[in-house]
Amino acid sequence: MPKGLKFALPALAFIALMGFFFIGLFRDPSYIPSPFVNKQAPEFDLPKLLQENDSLTLVDMRGEYSLVNVWATWCAGCRQEHDTLLRVAADYNMPIYGLNWKDDPAKATLWLEQLGNPYVANGVDEMGTTAIDWGVYGAPETFLLSPEGIVLHKHIGPLNIEIWRNDFLPLLQGQGT
Amino acid sequence: MSLRIRVTQRLSLAMLLLLLSLQVHAIDPQQSFSNPADQQRYQVLTSEIRCLVCQNETIADSTALLANDLRREVRRMVEEGMTDAEIKEFLVSRYGDFVLYRPQFKPTTALLWLAPLLLLLIGGSTFAVVLSRRSRLPKDVDAPLMADDQ
């Protein structure tokens with residue numbers, strides 16, 4: 001082995017290792033990428049909040065871009081993002097469907113009455129089985145669906161208007177909306 | 001003297017038994033399965049599935065709501081007679097490879113599984129090269145070695 005290489009190799013290995021550590025410093029370990037991105041959203045069939053005899057399914061969301069927002073009244077982050085949802089629904093004319101996760105329907109109804117209702121409709125998932133089908137592990141979570149029902153993006157944690165503009169809007173415009 | 005030793009021995013045995021008796025699983029309030037083989041399968045499976053809200057706990061150990069729901073799903077699938085591979089596939093297709101403490105071997109996880117072997121090979125071959133060069137050096141003196149190294 002040439003003399004130079006003998007010192008260069010360990011130095012390079014060290015720099016590479018530091019590189020990995022440095023990247024690791026800025027990664028959020030609670031962020032787990034969804035296996036559904038760019039795939040068909042999972043089917044579901046849930047009773048609607050406020051209209052228990054009616055049910056909410058994927059078919060209701062077909063034909064336009066839509067958001068599916070996982071929320072609950074016990075979830076602090078959901079309260080935090082609520083105004084953003086209202087704004088996205090009003091200013092951007094975005095249909096938002098709610099997945100009311102492991103919640104009391106009476107409390108959920110009160111929440112929407114008091115804080116305003118950004119949702120087109122809500123599916124009630126009291127047992128949390130649909131949430132498991134969607135790979136949900138903590139509310140709030142927000143999915144962007146294409147008109148064909150493909151998951152384009154998933155955001156974990158509370159939304160704010162910057163996240164909406166940076167992570168969601170470009171995907172909509174990229175598809176010519 | 002010997003009496004004191006025996007008392008101490010008994011005391012420590014009693015304390016040991018007391019410690020062991022604390023190892024009771026109190027997290028899972030569900031009944032056990034009627035079939036002991038299913039019970040065994042359920043316990044092994046839940047101790048290999050990561051609770052994603054509390055990432056360093058298995059769903060067998062976690063009190064999180066999600067862990068509770070996942071235990072219920074695993075229980076349902078075991079009762080329905082699904083195989084271990086099918087149950088793991090159910091979870092991986094929803095939550096990704098991270099949900100399993102021992103992810104399946106596939107192209108995206110190959111590096112993860114092979115890295116220890118790879119590192120051992122690099123280290124081992126470096127060691128072998130260094131050793132073989134050492135053995136080719138003249139045996140009697142240290143001075144030439146120092147000179148060679150400079």
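## A salt bridge between the chains

Let's start where the two chains meet: A:K102 forms a salt bridge with B:D69, and their closest N and O atoms are 2.8 Å apart. A salt bridge here is a side-chain nitrogen of Lys or Arg within 4 Å of a carboxyl oxygen of Asp or Glu. The rule finds two salt bridges across the interface of chain B and chain A. A:K102 and B:D69 also belong to a network of salt bridges that links them with B:R72, B:E73, B:R76 and B:E80.

Before going on, a word on the model: it is predicted, so local features need pLDDT of at least 70 and side-chain atom pairs count only at pLDDT 80 or more, while totals for chains, interfaces and linings use all residues. Residues are numbered from 1 along each chain as its sequence is written, chains are lettered from A and ligands numbered from 1 in the order in which they are written, and side-chain values use heavy atoms, with hydrogens and water left out.

## The rest of the interface

How many residues does each chain bring to the contact? Chain B gives 20 residues and chain A gives 19 residues, where contact means heavy atoms within 4.5 Å. Together the chains bury about 1,600 Å², with 56% of that on carbon and sulfur atoms. Buried area is the accessible area (1.4 Å probe) that two parts lose on being put together, summed over both. On chain B's side, B:R72, B:R94 and B:Y95 supply 33% of the area buried against chain A, more than any other three residues.

There are also four residue pairs in polar contact between the chains, both residues at pLDDT 80 or more. A polar contact is a pair of N or O atoms within 3.5 Å; within protein, one must be able to donate a hydrogen and the other to accept it, and residues adjacent in sequence count only if both atoms are side-chain atoms. The elements of chain B that give two or more residues to the side touching chain A are α3 (65-79), α4 (84-95) and α6 (143-149). The largest share, six residues, comes from α3(B). Helices (H or I, at least four residues) and strands (E, at least two) are DSSP runs, numbered from the N terminus.

## Chain B, end to end

Chain B is a run of helices: six of them, with zero strands. Buried residues make up 25% of its 150 residues. Buried means under 20% relative accessible area, exposed over 50%, and partly exposed in between (1.4 Å probe, protein chains only).

One residue to look for is B:E48, which is buried, with a relative accessible area of 16%. B:E48 forms a salt bridge with B:K88, the closest N and O atoms being 3.3 Å apart. That pair links distant parts of the chain, 40 residues apart: B:E48 is in the loop between α2 (36-46) and α3, and B:K88 is in helix α4. The side chain of B:E48 also meets that of B:R102 in a salt bridge (2.3 Å, N to O). B:R102 lies in the loop between α4 and α5 (110-136) of chain B, so this pair ties together parts that are 54 residues apart in sequence. B:R102 itself counts as exposed, at 53% relative accessibility.

Now find helix α3 of chain A, residues 105-115, where A:A108, A:T109, A:W111 and A:L112 are buried. Why do we say that these buried residues line one face of the helix? Seen down the axis of α3(A), they fall within an arc of 155 degrees, so they line one face; the arc is that of the directions from the helix axis to the C-beta atoms. The face turned away carries the exposed residues A:A106, A:K107, A:E113 and A:Q114. What covers the buried residues includes β3 (66-71), α2 (76-91), β4 (96-101) and β5 (121-125) of chain A.

A:D104 caps the N-terminal end, with a side-chain oxygen 3.0 Å from the backbone nitrogen of A:A106. Just after the helix, A:G116 takes a positive phi of about 100 degrees.

## Two strands of chain A

In chain A, the side chains of A:E141 and A:K154 meet in a salt bridge (2.9 Å, N to O). A:E141 sits in strand β6 (residues 141-145) and A:K154 in strand β7 (residues 151-156), 13 residues apart. Both A:E141 and A:K154 are buried.

Strand β7 also holds A:H155, which counts as buried at 11% relative accessibility. A polar atom of the A:H155 side chain lies 3.3 Å from the backbone oxygen of A:P158. Leaving out residues up to four places away in sequence, A:H155 touches A:P140, A:E141, A:T142, A:I163 and A:F168.
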